[in-house]
There are 4 protein chains.
Amino acid sequence: MTQFNLLQTRLVEPNAAAWKDYTQHSFVEELAKGILPEACFQHYLQQDYLFLKHYARAYALAIYKSDNIADMGPSFTCLQGLIGGELMLHLGYCQEWGLDAQAIEALEEGVATVAYTRFVIDTGVAGDLLDLLVALAPCALGYAEIGTRLYSATSSVPEGNPYWPWVEMYASEDFISSVNNQLSFLEEKLIEIPLDSPRWAKLQRIFCTATKMESAFWQQGLAVNQA
Amino acid sequence: MTQFNLLQTRLVEPNAAAWKDYTQHSFVEELAKGILPEACFQHYLQQDYLFLKHYARAYALAIYKSDNIADMGPSFTCLQGLIGGELMLHLGYCQEWGLDAQAIEALEEGVATVAYTRFVIDTGVAGDLLDLLVALAPCALGYAEIGTRLYSATSSVPEGNPYWPWVEMYASEDFISSVNNQLSFLEEKLIEIPLDSPRWAKLQRIFCTATKMESAFWQQGLAVNQA
Amino acid sequence: MTQFNLLQTRLVEPNAAAWKDYTQHSFVEELAKGILPEACFQHYLQQDYLFLKHYARAYALAIYKSDNIADMGPSFTCLQGLIGGELMLHLGYCQEWGLDAQAIEALEEGVATVAYTRFVIDTGVAGDLLDLLVALAPCALGYAEIGTRLYSATSSVPEGNPYWPWVEMYASEDFISSVNNQLSFLEEKLIEIPLDSPRWAKLQRIFCTATKMESAFWQQGLAVNQA
Amino acid sequence: MTQFNLLQTRLVEPNAAAWKDYTQHSFVEELAKGILPEACFQHYLQQDYLFLKHYARAYALAIYKSDNIADMGPSFTCLQGLIGGELMLHLGYCQEWGLDAQAIEALEEGVATVAYTRFVIDTGVAGDLLDLLVALAPCALGYAEIGTRLYSATSSVPEGNPYWPWVEMYASEDFISSVNNQLSFLEEKLIEIPLDSPRWAKLQRIFCTATKMESAFWQQGLAVNQA
């Protein structure tokens, strides 16, 4: 994966504890070992479909917020990926897990699903394109980090692990390359912001809250088993 | 309290279970009996301050979404109440409970606080004025119902109950009259919608989700004690 | 072209005078006869490029405003057409007319360009998806009507007319079919609105204002010659 | 009037020609001499009422876009001024000029009215609070400059000038003090932006376009007489 200097040193590092909670959450650790309860994974998959729908809305918002055609490009690529294929793939993947497409559409969003998706959108509507891209960043960056790390972790158990295709997907070249595209664009925009400005402080708050909402999203999956 | 026919029969009644969960939540039942753990109430009060800030933003959004000056009126009255007094009163009330104003401003929003407030705002940005007003309705209507019910419930314990001023506030003539103003305006708008239209179905979904987010907000207060 | 009953009888017909001003404007009549001053056409082409950029933003907004993936489809198709090709084609077309790509990007928007594009966008942000689609409709519907009418009008002069490719483009099967797709989706949504509701009255006002802004856009092209 | 250093040197001065076109437009010069045709003034007054309605919407949008209660303050003061009084005063003023309140509400917006108001709003929705405040600035700053200059200009004719109350209003202490409040807040926000950043370049483009839309608004008033 490409190294994103500003993203790493100015958004991830000052936010280290929350970042670790998210990227090393029990949900993904158990998933990589194949010991995550099936009900947790199924619940997560369903909520993730609802999440992706609002994620597509957020990228459409980013296109609306772009000053010129060049700036529309990276968000359009993400939107195209989602509407043109990923959402359908996701439904297919859900069906392999015995989850019916129509049932998923009718599903109720969990509190953490609402919290994360609407936080991103309100941040994006109230702020500008950069605020929106920063609110969207923990998802792409974190999933790429989780995917690549778990794919080669000695603690991971690929064999006989029903969740291993999930790990492979988020460690795949295609996924990493799409993340690199998105985040390169963000990194270019971040360079324009002076490091000691109130603007950076705000972007850090946005990144930190979005990261915590990601953890809450994993937690929501785990909680199914505790209910 | 004024009877709002459409609100009652077309939004509250089809949503009866979720409405009961919200308006008869353990949080408010324990509060009325004076047995709610102090930590729960304090946590709720702080999160409620953060909630009110976004509630003010949502009413400002409603003004932006108004076609004419007359439609701006009811939302402006709410916004004026919040910015001109209630938010300050709330901070004062927090201080009586040993909660420092600056600490509250710096406070982190809970997942349920984010979920509820941003759901209302995204519903309002994506939809029109009516969608927004319906997303805002469970709060005003529910608090008025909770306040008046608990104020005269035989199960309530006013004497020596440190939370009783909270009950009195939401049963007060001032509060009820402000709720009546808001909801009368909403009721007028609802009359325009044919009862069997997809529009009503959507408004019901909005009202239902907002109601559930209210319950999650109470639950977030109770959870402090379970952590 | 497909017949759109509601669009025709409830939006175009009550708006007949403004619709005629727009679709039979001297700008397009002179264009079809090949007697439009070149400076007018060049100015129009440049402003139309700036227009299309905001048109893409408006379709992205429509995707953000969609409740589900199915509703995103028609707007995504339009957005994809614009970002994936039409904007580039338009720049190429401008270059054939001696207009430099970079110069166009740096161009200042005329008052009528600002008025039309931002009216559509504000209507869409303040209202819901249907308000936005109605604000976008006069453009697609009107250009299709203008293109097909002029293409076979006896008053038109195809031979030696430097503007004839413009007429051919807006009379082409590809264009008409894309307009049909968009407007079919709008027509489906319009069916849900009761004919005597305040909602229809509002949609008519939106359609009417957007139509007048289209006329102002032609007029802005003609005015170059009068300056 | 308070001196606003950044506003003056970084927004007005690089935009000197457009600023002069706006603040020394024939419309206000003729108005100060009492030679402006009555039909022009009446048309302007009516369109200005429609303008103020959207101006109120834009200030409501600024409140929605505020991160905290303190930032909401200045925009709330403007909104309160408009909804709580100025819009009514304006209607009253229109009536003195023989313009009926109901007729004004039903009035059609001119192209320049649409262009200016919707440009401000789209700039504000797409960008952040600062973008919105900069789009709003030429109005307050320009009217204060026009009012104070014309009030004491030797070329002005106060006696027997039916438009003199207009000059007096925009030169009044009340108006200047309200402008100072708004612009002080903006100036504080502008200080955070590094002078050679792309952000400043964008803010300058916004200020410049809004200034030109103001000129077009005067021109729209004058054009009545040429029609």
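Let me start with B:Arg118: this residue is buried, at a relative accessible area of 4%. Buried here means under 20% relative accessible area, with exposed over 50% and partly exposed in between, using a 1.4 Å probe and protein chains only.

A word on the source. This is a predicted model, where local features need pLDDT of at least 70 and side-chain atom pairs count only at pLDDT 80 or more, while totals for chains, interfaces and linings use all residues. Residues are numbered from 1 along each chain as its sequence is written, chains are lettered from A and ligands numbered from 1 in the order in which they are written, and side-chain values use heavy atoms, without hydrogens and water.

Back to B:Arg118. Its place is in helix H7 of chain B, residues 111-126. Helices (H or I, at least four residues) and strands (E, at least two) are DSSP runs, numbered from the N terminus. What does B:Arg118 contact, leaving aside neighbours within four places in sequence? From chain A, the partners are A:Arg118, A:Phe119 and A:Asp122. From chain B, they are B:His54, B:Arg57, B:Glu109 and B:Thr113. Contact means heavy atoms within 4.5 Å. B:Phe51 is 67 residues away from B:Arg118 in sequence, and 9.8 Å away in space, C-alpha to C-alpha.

Next, chain A as a whole. It has 11 helices and 0 strands. The radius of gyration of chain A is 17 Å, close to the 17 Å from the globule rule for 227 residues, so chain A is as compact as a globular protein of that length. That radius is taken over C-alpha atoms, and the rule is 2.2 Å times the number of residues to the power 0.38. Along the principal axes, the C-alpha atoms of chain A fill a box of roughly 50 × 40 × 35 Å. Buried residues account for 60% of the 227. Take the contacts in chain A between residues at least 6 apart in sequence: 81% of them join residues at least 24 apart.

One residue in chain A: A:Tyr93, in helix H5, residues 69-96. Is A:Tyr93 buried or exposed? It counts as buried, at 13% relative accessibility. Beyond four places in sequence, A:Tyr93 touches A:Phe41, A:Leu45, A:Pro165 and A:Trp166. A:Trp166 lies 73 residues along the chain from A:Tyr93, with 9.6 Å between their C-alpha atoms.

Now helices of chain B. H10 covers residues 173-190, and its 18 residues should span 26 Å at 1.5 Å a residue; the end C-alpha atoms are 25 Å apart, which agrees. The expected span is 1.5 Å times one less than the number of residues. Buried residues of H10(B) include B:Phe175, B:Ile176, B:Val179 and B:Leu183. They pack against helices of chain B, among them H1 (5-12), H4 (38-64) and H11 (198-226).

H3 of chain B runs over residues 26-33, where B:Phe27, B:Val28, B:Glu29, B:Leu31 and B:Ala32 are buried. Their cover includes H2 (16-23), H4, H8, H9 and H11 of chain B. Just after H3(B) comes B:Gly34, with a positive phi of about 75°.

Last, H11 of chain B, where we find B:Gln220. B:Gln220 is buried, at a relative accessible area of 14%. Not counting residues up to four places away, its contacts are B:His43, B:Gln47, B:Gly110, B:Val111, B:Ala112 and B:Thr113. B:Val111 is 109 residues along the chain from B:Gln220, yet their C-alpha atoms are separated by 8.2 Å.
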